[in-house]
Amino acid sequence: MALEMSEEERELAGMVREFAETVVAPRSYEADRAHELPMDVVAQMGEMGLFGLPFPEDVGGQGGDYFALCLAIEALGRVDQSIAITLEAGVSLGAMPVYRFGSAAQQEEHLPDLLAGKALAGFGLTEPEAGSDAGATRTTARLDGDEWVIDGTKQFITNSGTPITRFVTVTAVTGQSEADGRVRKEISTIIVPNGTPGFTVQPAYDKVGWNASDTHPLTFDAVRVPASNLLGERGRGFANFLSILDEGRIAIAALATGAAEGCLEAAVDYAKSRTVFGSSLSTRQNAQFTLARMRARVHTARLAWHHAARLRDAGRPFAEQSAIAKLVAGEAAMDNARDATQIFGGNGFMNEYPVARHYRDSKILEIGEGTTEVQLLVIARALGLAG
């Protein structure tokens with residue numbers, strides 16, 4: 001049942017797949033080598049309406065749902081994970097918090113350009129000592145009259161330094177609260193426009209993979225923004241962004257499924273064309289078994305994210321299913337990348353081949369937006385296992 005799709009959904013998947021093959025794929029090698037996000041490709045994605053897919057029309061969206069967004073992300077992830085994560089982060093981490101928690105004024109100001117792909121926004125959560133343990137946030141924000149004054153650092157922030165990046169939403173400690181005799185950090189989220197004095201987007205990282213994705217560390221030195229830049233209710237920032245991450249894991253699972261499928265298709269084609277010891281590599285049982293396992297991983301990963309996305313769109317609980325989807329799909333992408341590289345032999349070690357880029361790119365799928373260990377923890381808690 002989870003794999004059933006409407007005709008409209010099939011048309012969307014086919015349209016994005018064609019775009020990925022004809023526009024994205026031919027640019028992928030050079031973009032990866034140059035460590036540069038092709039902004040003209042991002043603009044075309046905006047013109048196609050991809051950034052507005054899961055948002056209602058009355059705020060400038062396409063009137064679709066999260067499943068539709070994930071179909072697009074999977075199709076892009078099949079050929080270029082950097083482009084796929086640009087879309088995923090632009091929607092899930094950039095626009096979605098404004099739509100879900102923003103005031104009417106914030107939505108009116110930011111959503112039209114974000115949903116049209118004319119602007120991007122970053123999600124400033126991770127810090128040097130606050131990754132999986134996001135509650136260890138050290139960035140602070142204090143009210144001084146009618147302004148927030150922000151100090152701290154963030155790292156690994158996607159879409160934070162592109163030519164069209166409009167702002168970064170940051171989590172910051174805005175006070176303390178006490179419950180059950182325990183003092184807890186009050187964490188809130190605040191919109192910080194790019195170009196604000198004291199807000200510095202540091203040079204881009206030299207990464208193992210996702211080289212064409214825009215990723216920077218950020219510093220905040222007595223950054224002042226209006227008190228009205230608070231996003232959502234004060235003290236609810238951590239809880240709000242946990243819900244955002246639950247959704248984002250489905251999208252990452254879709255991206256990983258696309259990557260796993262891209263590796264499978266490349267390996268099948270290569271095995272059929274490669275002659276070893278006088279016969280096609282595809283006729284050898286060890287290669288056939290490897291490819292069969294790769295196919296099973298793609299199928300299982302797709303089932304997992306389809307199920308989680310359908311639950312989310314139906315308004316049903318989905319946190320456990322999104323964790324399962326990210327766990328299964330992330331491991332499928334990494335395993336398929338490793339197996340595809342082995343099928344390719346020496347050529348699999350050459351960056352001009354997509355499987356080599358998938359091999360470098362896929363590892364982050366077991367880390368970003370919640371590590372494999374965090375997904376296991378979420379699943380264990382759903383089983384009623386105490387921590």
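**Entry 1: Glu-369**

I began with Glu-369, which is buried at a relative accessible area of 16%. I am working on a predicted model. Which loop holds Glu-369? I placed Glu-369 between helix H9 (354-361) and helix H10 (372-382). I then read its backbone: phi is positive, about 55°, although Glu-369 is not a glycine.

**Entry 2: Asn-159**

I looked up another positive phi. Asn-159 has one of about 60°, and it is not a glycine either. I found Asn-159 in the loop that links strand S3 (147-158) to strand S4 (165-179). Is Asn-159 buried or exposed? Its relative accessible area is 0%, so I noted Asn-159 as buried.

**Entry 3: Glu-9**

I turned to helix H1 (residues 7-34), where Glu-9 sits. Its relative accessibility is 12%; the cut-off for buried is under 20%, so Glu-9 counts as buried. What does Glu-9 touch, leaving aside neighbours within four places in sequence? I listed Glu-4, Phe-67, Leu-71 and Arg-310.

**Entry 4: H4 against H6**

I checked the pair formed by helix H4 (residues 81-101) and helix H6 (residues 237-273). Their axes come within 10 Å and cross at roughly 160°. Angles over 145 degrees count as roughly antiparallel, and H4 and H6 are therefore roughly antiparallel to each other. I logged the crossing of H4 and H6 as right-handed.

From H4 they include Gln-81, Ile-85, Glu-88, Leu-93, Met-96 and Arg-100. From H6 they include Asn-240, Phe-241, Ile-244, Glu-247, Gly-248, Ala-251 and Leu-255. How do the residues of this contact divide? I recorded 13 nonpolar, five polar and three charged.

**Entry 5: Nonpolar cores**

I looked for the largest nonpolar core and found 89 residues in it. Which of them have the most contacts inside it? They are Met-45, Leu-76, Leu-87, Ile-250 and Trp-305. H6 supplies the largest share of this core, 18 residues.

I followed up Ile-250. Leaving aside neighbours within four places in sequence, Ile-250 is in contact with Tyr-66, Cys-70, Trp-305, Ala-308, Ala-309, Arg-312, Phe-318 and Ser-322. Trp-305 in that list is also among the core residues with the most contacts.

How values were computed: Residues numbered from 1 in each chain as written. Predicted model: local features only at pLDDT ≥ 70, side-chain atom pairs only at ≥ 80, totals over all residues. Heavy atoms only, no water. Axes fitted to C-alpha atoms, helices over the stretch in contact; angles between N-to-C directions. Helix = DSSP H or I, 4+ residues; strand = E, 2+ residues; numbered from the N terminus. Parallel < 35°, antiparallel > 145°, perpendicular 65-115°, else oblique. Left-handed = near helix turned anticlockwise from the far one by under 90°. Contact = heavy atoms within 4.5 Å. Nonpolar A, V, L, I, M, F, W, Y, C, P; charged D, E, K, R; others polar. Core = buried A, V, L, I, M, F, W, Y, C linked by side-chain atoms within 4.5 Å. Buried < 20%, exposed > 50% of the residue type's maximum accessible area, 1.4 Å probe, protein only.
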